[in-house]
Amino acid sequence: NVDAVHVTITYHENFRETVLQIEKWNRFFEQFPDLIFQGRTAADVKVAKDTKRTAIFFGSQNPSCIEDDIGLVEILHALGLRFMQLTYNNQSLLATGCYEKVDSGVTNFGREVIKEMNRVGVVIDMSHSAEKSTLDAIELSEKPIAITHANPSFWHTAKRNKSSKLLKTLSDSGGIL
């Protein structure tokens with residue numbers, strides 16, 4: 001009775017290794033069509049509910065799957081990627097992770113990747129990103145962003161959790177936690 005799941009298909013894998021994970025999931029979709037299918041749009045959540053199956057939405061915990069090639073955003077979207085984090089705890093080519101001492105925000109390359117993610121329809125996920133980087137992403141993105149797996153820092157002061165100021169900005173932008 002679960003309509004949709006966001007599945008991490010890649011953490012630190014490169015493009016080719018990510019494609020291998022997609023191939024693995026494609027076999028699962030073939031083996032268990034009565035239970036799961038690949039979710040690609042919000043409408044698939046209703047399809048899943050109506051057919052008593054679960055829509056599986058692909059996500060990446062890290063932008064390593066695009067390597068340093070912005071064109072891979074569109075290719076991975078075509079293969080089903082629907083969520084991508086700009087960082088995973090540490091500095092990436094796109095933004096600063098929550099474990100870094102200095103948060104320099106979204107990089108120039110990150111700005112371009114955000115535009116491309118907006119264009120093709122990949123949700124920007126800032127779950128493991130630092131405060132300034134997350135605020136930058138909210139400001140730069142033309143579409144609402146998501147923080148799919150972090151909590152308010154007033155609940156617990158973990159490095160990944162988000163401040164009240166950030167959560168207010170996220171809410172005002174239409175984004176989700």
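**Close-up views of a predicted model**

Asp136 counts as buried at 12% relative accessibility, where buried means under 20% relative accessible area, exposed over 50% and partly exposed in between (1.4 Å probe, protein chains only). The structure is a predicted model, in which local features need pLDDT of at least 70, side-chain atom pairs count only at pLDDT 80 or more, and totals for chains, interfaces and linings use all residues. Residues are numbered from 1 along each chain as its sequence is written, and side-chain values use heavy atoms, with hydrogens and water left out.

View A. Helices (H or I, at least four residues) and strands (E, at least two) are DSSP runs, numbered from the N terminus. In contrast to the buried Asp136, Lys132 is partly exposed, with a relative accessible area of 39%.

View B. Side chains of opposite charge can pair when their charged atoms come close. Between Glu74 and Arg119, the closest N and O atoms are 3.4 Å apart. Glu74 belongs to helix α3 (residues 71–78) and Arg119 to helix α4 (residues 108–120), so this pair ties together parts that are 45 residues apart in sequence. Arg119 also meets Glu116 in a salt bridge, at 2.9 Å from N to O. Glu116 and Arg119 lie three residues apart in helix α4, about one turn of the helix. Glu116 is buried at 14% relative accessibility, Glu74 is partly exposed at 41%, and Arg119 is exposed at 51%. A search of the whole structure finds eight salt bridges.

**View C. Glu17, Glu67, Asp68 and Asp69 gather in a patch of negative charge on the surface.** Patches are made of residues with over 30% relative accessible area and no salt bridge, like charges being joined within 9 Å and nonpolar side chains (Val, Leu, Ile, Met, Phe, Trp, Tyr) within 5 Å. Glu17 lies in helix α1 (residues 15–31). This residue is partly exposed, with a relative accessible area of 39%.

**View D. The side chain of Thr54 reaches the backbone oxygen of Val2.** The distance is 2.6 Å; a polar contact is a pair of N or O atoms within 3.5 Å, and within protein one must be able to donate a hydrogen and the other to accept it, while residues adjacent in sequence count only if both atoms are side-chain atoms. Thr54 is placed in strand β3 (residues 54–60) and is buried, with a relative accessible area of 15%.

**View E. Asn161 lies in the loop between α5 (131–140) and α6 (164–173).** A polar atom of the Asn161 side chain lies 3.0 Å from the backbone oxygen of His156. Asn161 counts as buried at 13% relative accessibility.

**View F. Ala48 lies in helix α2 (residues 43–51).** Ala48 is buried, at 0% relative accessibility. Ala48 and Phe15 are 33 residues apart along the chain, and their C-alpha atoms are separated by 29 Å.

Note on methods. Accessible areas come from the Shrake-Rupley method with a 1.4 Å probe; for residues, only the protein chains shown count as cover. A salt bridge is a side-chain nitrogen of Lys or Arg within 4 Å of a carboxyl oxygen of Asp or Glu. Lys and Arg count as positive and Asp and Glu as negative; His and the chain ends are not counted. The place of a charge is taken as NZ of Lys, CZ of Arg, CG of Asp or CD of Glu.
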